[in-house]
Amino acid sequence: LPSFIALIFLSSCFSSWESLQGESVWLVPVEQEGFSMSLPINWQEVSEFELVTPSQWELVLAYRASEERNGYFNNIVVLKNQNRLRETSTSLMQNNINALKLSMQNFQVIAEDTLSFPGNTQWEVIVFEGQYGPQTPMLHYIQTARSCDEDSYFLTISVGSELWDYTRYYPLFESFRCN
């Protein structure tokens, strides 16, 4: 539970990307230990000294948009933990929704989607509006979880509250590959 609070806090602290054109040229590959994915070409890695370290999960990726929009930088945070129970991506997200309801000051699910991949693999995606605490802004988050054998990953994109076309961020999730 504290790790989800840290995740929300981390993603509310930094970064806006409004220039997707629907073409693959706007994404560049990013390789990390255990996974790879593609991110917008105009997003930048966030340095460790700018981040709060989560207590139970390992922060393995943090990027933010290079330009601020409406006082906020869109961003993505990827957290990793051991998947001791061998939970599926779907069950990780269902458990996460319950944890978010309990841990956030304000929490409201806006949309729930399912992304399908070859081999009958499905990922649950939730879009929610939330506020970590009274000092943090009310933001919109797009989140999914991925089970990669022994590891679990939570991918969270935070965006300003004015954006309503969340599907434009789904290609970032769809590009995630376990190594």
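## Worked exercises on a predicted fold

At 70% relative accessibility, E33 counts as exposed; buried means under 20% relative accessible area, exposed over 50%, and partly exposed in between, with a 1.4 Å probe and protein chains only. The model is predicted, so local features need pLDDT of at least 70 and side-chain atom pairs count only at pLDDT 80 or more, while totals for chains, interfaces and linings use all residues. Residues are numbered from 1 along each chain as its sequence is written, and side-chain values use heavy atoms, with hydrogens and water left out.

### Exercise 1: Get your bearings

Step 1. Read from the N terminus, the order is α-β-β-β-β-β-α-β-β-β-β-α-β.

Step 2. For the protein as a whole, buried residues make up 52% of the 179 residues.

### Exercise 2: Find the core

Which residues have the most contacts inside the largest nonpolar core?

Step 1. Start from the rule: a nonpolar core is a set of buried Ala, Val, Leu, Ile, Met, Phe, Trp, Tyr and Cys residues joined through side-chain atoms within 4.5 Å.

Step 2. The largest such set has 31 residues, and I76, V78, I142, I157 and F173 have the most contacts inside it.

Step 3. Zoom in on F173. Setting aside neighbours within four places in sequence, F173 is in contact (heavy atoms within 4.5 Å) with L115, W123, V125, I142, Q143, T144, L155 and I157.

Step 4. Apart from this core lies another one, of 16 residues, including Y72, M104, L139 and F154.

As background, nonpolar side chains in soluble globular proteins tend to be buried together.

### Exercise 3: Follow the rings

Classify the ring pair F107 and F128, and then follow F128 to its pairing with Y141.

Step 1. Rings of Phe, Tyr and Trp (its six-membered ring) pair if their centres lie within 6.5 Å; planes under 30 degrees apart are stacked, over 60 edge-to-face, and the rest tilted. The structure holds seven aromatic pairs.

Step 2. For F107 and F128, the centres are 5.1 Å apart and the planes are at 45°, so this pair is tilted. F107 sits in strand β6 (residues 106-117) and F128 in strand β7 (residues 121-131), so the pair ties together parts that are 21 residues apart in sequence.

Step 3. F128 also pairs with Y141: 5.1 Å centre to centre and 20° between the planes, a stacked pair. Because F128 lies in β7 and Y141 in strand β8 (residues 139-148), this pair ties together parts 13 residues apart in sequence.

Step 4. Check the burial: F128 is buried, with a relative accessible area of 0%, and Y141 counts as buried at 0% relative accessibility.

Step 5. Elsewhere, F35, W123, Y153 and F176 form one aromatic cluster.

### Exercise 4: Trace the charges

Step 1. A salt bridge puts a side-chain nitrogen of Lys or Arg within 4 Å of a carboxyl oxygen of Asp or Glu. The structure holds two salt bridges.

Step 2. One joins the side chains of D151 and K80, at 3.9 Å from N to O. D151 is in strand β9 and K80 in strand β5 (residues 75-82), 71 residues apart.

Step 3. K80 counts as buried, at 16% relative accessibility.

Step 4. R64 and E50 also meet in a salt bridge, at 2.8 Å from N to O. E50 is partly exposed, with a relative accessible area of 35%.

Conventions. Helix = DSSP H or I, 4+ residues; strand = E, 2+ residues; numbered from the N terminus.
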